[in-house]
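The sequence and the structure come first.

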Amino acid sequence: MSDKLTHKKNLTKFAVQIKCMDSNLLIDKTQDETRQGEAYASQAGSGVFQKHFYIESYGCAMNFADSEVVASILEQNGFGGTKNIEIADLILINTCSIREKAELTIRKRLTEFRRLKQANPGVLVGVLGCMAERLKAQLLEEEKLVDLVVGPDAYRTLPDLIAEAGTGQKAVNVLLSRDETYGDIAPVRLDNNGISAFVSIMRGCNNMCSFCVVPFTRGRERSRDAFSILAECKDLFDKGYKEVVLLGQNVDSYHWSNPENNTSTTFAMLLEAVAQIHPSLRVRFSTSHPKDITDEVLQTIVKYDNICKHIHLPVQSGSTRMLQLMNRTYTREWYMAKIDRIRALLPNCSITSDIIAGFCTETEEDHQDTLSLLQYANYDLSYMYFYSERPGTLAARRYEDDIDLVTKKRRLQEIVDLQWTLSNESNKRDVGSTFEVLIEGNSKRNEAEWMGRTSQNKVVVFPKGHFDFKKGDYAKVKILDFTKGTLLGRII
Ligand code: SAM
Ligand code: SF4
């Protein structure tokens, strides 16, 4: 059957399904600290293009996925990507505003671009993403070397903005949109491993957690056309990819209405349709807001072996009083019941979390509640931060940032120490078990070893031995030992 036909068949199957239903140790790829500041390299080769752009990405996976959309728009407009900043005509930095430290890192990086601009005054420097959206034209005042400021919903206008900036004008577009999803743009993949790819399924967020700047920098929530998501995943599989990571700030509230027949697609339905593309295509997703992850989603994970057994379920705090101030819309007990439900349905599922220490008015008792919740949830891994007040958020407007830095850092350290123990125990439990590992490539340290991941998203390193495996294959690996960030095993 031709590719086109298979593709059409899958879309039809999907449409039918919608109609019927209308009635570290464990590295979370979506928040991979090791990828901060990663530069893009064109796969088309630098000889094809007369002009070149260089792009660095910071922050969450959505930003990395957006950089791939930007790369696609630029390549269609005559710019080829380069990893060599010295030869770039256009230097872009895709930014994050989530914590003050993230913004400071980007400010520092911008000062490093000054030298390049002095050496080549014709080079254009652009700030993209959340920091562009938050600071708007103010960025041009504060960072004199910046020529372009482009918010996350304005990437289609980049070619015009570049032309404008080329005439010596400063160019700004930070308009947020209610419907932009870039659904029709085929992202140019960052030069990743060719095995795992991000697929953006929605943009923005309506949740208004009081500490969070995202609703202000990324705008209202909107879901991408389900057919284009499915087509992108299918295309990735046809190109040899073995894993797709469905991305959104709150994937469980994905909801798309087909304008042709008004049928709805929920996240569970989308997940199922992607899982049905092929049993050897792994499906991951992130992030789940605890209030929105449904039993239907959990049952779908149970039903398909290729939907990975890993749920990132950020709790933020273990204290109901804090959760209320954070506007998370669930209580400690409600969250614990959700953990119980996941454990009951998916006993081999890893669960990870995000935690904030030292939010406004947090007492020692609230902090103890967070520690005991960590114990209860028994997370395999957590991303842990101390609270950083962000201008314009509900918390910045309503509450005093009254926990001193020493206390914030001490509480954070206590959370980190406990999580380290839990992660270590999680590792220990894996020793002696056998996992199906998707091979992503050579281990960083030793070319005689493979590196891959379990369904639970744990990194495994194991000797290649005399077996004939290649990147993208699945190997059965028995875990023999572990280091801080990695399981160690052998093929069986
Ligand atoms: N949408 C996701 C969710 O609801 O879990 C995550 C969004 S955010 C990019 C990732 C994490 O950053 C959050 O889960 C939270 O723990 C942390 N975060 C957000 N705002 C923060 C702030 N002002 N200070 C410290 N950490 C913050
Ligand atoms: Fe921010 Fe809350 Fe939305 Fe996550 S769900 S992006 S923490 S507002």
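A polar contact is a pair of N or O atoms within 3.5 Å; within protein, one of them must be able to donate a hydrogen and the other to accept it, and residues adjacent in sequence count only if both atoms are side-chain atoms. The model is predicted, with local features needing pLDDT of at least 70 and side-chain atom pairs counting only at pLDDT 80 or more, whereas totals for chains, interfaces and linings use all residues. Residues are numbered from 1 along each chain as its sequence is written, chains are lettered from A and ligands numbered from 1 in the order in which they are written, and side-chain values use heavy atoms, with hydrogens and water left out.

R332 lies in helix 12 (residues 332-345), helices (H or I, at least four residues) and strands (E, at least two) being DSSP runs numbered from the N terminus. With a relative accessibility of 14%, R332 counts as buried, a term that means under 20% relative accessible area, against over 50% for exposed and in between for partly exposed (1.4 Å probe, protein chains only). A polar atom of the R332 side chain lies 2.7 Å from the backbone oxygen of D369, and one lies 2.9 Å from the backbone oxygen of G318. Beyond its neighbours within four places in sequence, R332 is in contact (heavy atoms within 4.5 Å) with residues including T320, L323, S372 and L373.

Around ligand 1 there are 15 residues, of which Q249, P314, Q316, D354 and S388 come nearest; a residue is near a molecule if one of its heavy atoms lies within 4 Å of it. Strand 16 (350-357) and strand 17 (381-386) each supply at least two residues of this shell.

| Residue and atom | Atom of ligand 1 | Distance |
|---|---|---|
| R99, polar side-chain atom | oxygen | 3.2 Å |
| F211, polar backbone atom | nitrogen | 3.0 Å |
| Q316, polar side-chain atom | oxygen | 2.7 Å |

The protein covers 93% of the 570 Å² of accessible area that ligand 1 has on its own, as computed by the Shrake-Rupley method with a 1.4 Å probe.

In the largest nonpolar core, which has 56 residues, L246, F267, I311 and Y379 touch the most other members. Such a core is a set of buried Ala, Val, Leu, Ile, Met, Phe, Trp, Tyr and Cys residues joined through side-chain atoms within 4.5 Å. Helix 9 (residues 267-275) contributes the largest share of this core, seven residues. A second, separate core of 24 residues includes L124, L148, A165 and V188.
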